[in-house]
Amino acid sequence: MTFKKIVGKLHLWLGFASGLIVFIVAVTGCLIAFEDEIKSITYSFRNIEAQEEAQLLPPSQLMRIAQEALDTEDIPKNVIYTEEDKAAAVWFWGMEPEHFYMVHINPYNGKVIKVTDEEADFFHIMIHGHYYLWLPPAIGQPVVAYGTLIFAIMLISGIILWWPKNKKALKQRFSIKWNAKWRRLNYDLHNVLGFYMFSVGLVLALTGMIMGIHWFANTVHFASGGDGMAQYHAPLSDTTAVAAAQSEEGVDLLWAKLLPQKPTDGILFFSIPQDKASSYYTFINHDPDSYHKLDYKHYDQYTLEPLDAEGPYEGKYEEAGFADTLIRMNYDIHRGAILGLTGKIIAFIASLVIASMPVSGVMIWWGRRKKSRKGNASRGQKPLRKEQELVSSN
């Protein structure tokens, strides 16, 4: 068996193993590609009138308002202040039972604008499919991650199969014969489009693997000059300290400290401690259109002293090393946002092509299978007819 035949068998069986996973991940990726742009147009409840001279309400007050709106005593997970003309938001989420509510509040007057159930939100549902195939995260996440790894291998094997034996056939591999019969057209769509989306598809696969496979993320971090610790590990608060700045008072003091550092069109995010040992996790996003230009910091919930987290998600973006910056940029690279709207369009088109690959691949396999059956049947008829001729002659 030749090398290309071995690669062809590998490509086929890996396609069977990951085809459905790739199709679902690619389709959901298309649907969430322009989530931010669509929400900015359709989610009008997030827009408010900016009031330059008015004072923003502190987080503790927004938290109490949100608890009253939901009629709950649960501690909010997050408080977010965004642009001057956007509502603040208080998040309540958890796994037992699984829930995710966002209370959108006017931060100038405390008016509750809307309470949204994010578990019922279309984009949230699509994200669950993209990350977990709508399975429990402990099951779906590794299935998607290693399905993506198989897809990356398939991309490489696909290029090997695409590569022509001679230069004369090379030109044919770059163009689609649109007036051909459907089987030839399907073959061209699979091979030619697969070639053109190879580089983008490989980037999407590798960045997806960084998010889903720890050992791969650590390898990339180490290979790019880091210490090989690409995961985030939050620091703990000193539970022996005197609770001088705990709970509501603490988050307000922290907010007053960080608010002057927030750009007018930036985002200020607080993660509220949920137990005695956890710490405040905060970031300031200097570019709301992306997720990598963030300044991260952690603080002891009792003393408000700065703490250092392990991993790349700590400190100012401008001061991060190359390896940490690469990991921070990974999500924006994955969704194409690193190149702005143009990058998102490229990622969208590539995802559409990727979604078509399992479909056209199965059609190629099915067509060859039927052709092989017909060939076997025709070869089997010749001895039978010869035997009938001998019988009749006798």
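1. Exposure classes. A residue is called exposed when its relative accessible area is over 50%, buried when this value is under 20%, and partly exposed in between, with a 1.4 Å probe and protein chains only. By this rule Asp 308, at 61% relative accessibility, counts as exposed, whereas Asp 188, with a relative accessible area of 3%, is buried.

2. Basis of the note. This is a predicted model, in which local features need pLDDT of at least 70 and side-chain atom pairs count only at pLDDT 80 or more, while totals for chains, interfaces and linings use all residues. Residues are numbered from 1 along each chain as its sequence is written, and side-chain values use heavy atoms, with hydrogens and water left out. Helices (H or I, at least four residues) and strands (E, at least two) are DSSP runs numbered from the N terminus.

3. Strands count as paired if DSSP finds at least two bridges between them. Strand β2 (residues 88–95) runs antiparallel to strand β3 (residues 98–105) and is joined to it by 8 bridges; the two form a hairpin with 2 residues between them, and Trp 93 stands opposite Phe 100 in β3. On β3 there is also an antiparallel pairing with strand β4 (residues 112–117), over 5 bridges, in which Ile 105 has Val 112 of β4 as its bridge partner. The hairpin of β3 and β4 has 6 residues between the strands, and Gly 110 in the turn has a positive phi of about 80°.

4. Aromatic pairs. Rings of Phe, Tyr and Trp (its six-membered ring) pair if their centres lie within 6.5 Å, and a pair is stacked with planes under 30 degrees apart, edge-to-face with planes over 60 degrees apart, and tilted otherwise. The structure holds 24 such pairs. For Phe 174 and Phe 195 the ring centres are 5.2 Å apart and the planes stand at 80°, so this pair is edge-to-face. Phe 174 lies in the loop between α5 (137–162) and α6 (182–196) and Phe 195 in helix α6, so the contact ties together parts that are 21 residues apart in sequence.

5. An aromatic cluster. Which residues do ring pairs link into a cluster? They are Trp 91, Phe 100, Tyr 232, Phe 269, Tyr 281, Phe 283, Tyr 296 and Tyr 313. Phe 283 counts as buried, at 14% relative accessibility.

6. Charges over rings. A charge is taken to sit over a ring if NZ of Lys or CZ of Arg is within 6 Å of the ring centre and within 35 degrees of the ring normal. Lys 77 lies over the face of Trp 93, at 3.8 Å from the ring centre, and Lys 114 over the face of Phe 45, at 5.6 Å.

7. Salt bridges. Side chains of opposite charge can pair when their charged atoms come close. Here a salt bridge is a side-chain nitrogen of Lys or Arg within 4 Å of a carboxyl oxygen of Asp or Glu, and the structure holds 8 of them. Arg 184 and Asp 188 form one, with the closest N and O atoms 3.1 Å apart; both residues lie in helix α6, 4 residues apart, about one turn of the helix. Arg 184 counts as partly exposed, at 30% relative accessibility. Asp 36, Glu 37, Asp 332, Arg 335 and Lys 344 are linked in a network of salt bridges.

8. Two partners of Lys 297. Asp 308 forms a salt bridge with Lys 297, the closest N and O atoms being 3.2 Å apart. This pair links distant parts of the chain, with Asp 308 in the loop between β8 (306–307) and α10 (322–334) and Lys 297 in strand β7 (residues 294–299), 11 residues apart. The side chains of Lys 297 and Glu 314 also meet in a salt bridge (3.1 Å, N to O); Glu 314 lies in the loop between β8 and α10, 17 residues from Lys 297. Lys 297 counts as partly exposed, at 21% relative accessibility, whereas Glu 314 is buried, with a relative accessible area of 15%.

9. A nonpolar patch. Patches are made of residues with over 30% relative accessible area and no salt bridge, where nonpolar side chains (Val, Leu, Ile, Met, Phe, Trp, Tyr) are joined within 5 Å and like charges within 9 Å; accessible areas come from the Shrake-Rupley method with a 1.4 Å probe, and for residues only the protein chains shown count as cover. Leu 20, Phe 23, Trp 182, Val 359 and Met 363 make a nonpolar surface patch of about 510 Å². The elements that give two or more residues to this patch are α1 (3–32) and α11 (340–393). Met 363 is placed in helix α11 and counts as partly exposed, at 34% relative accessibility.
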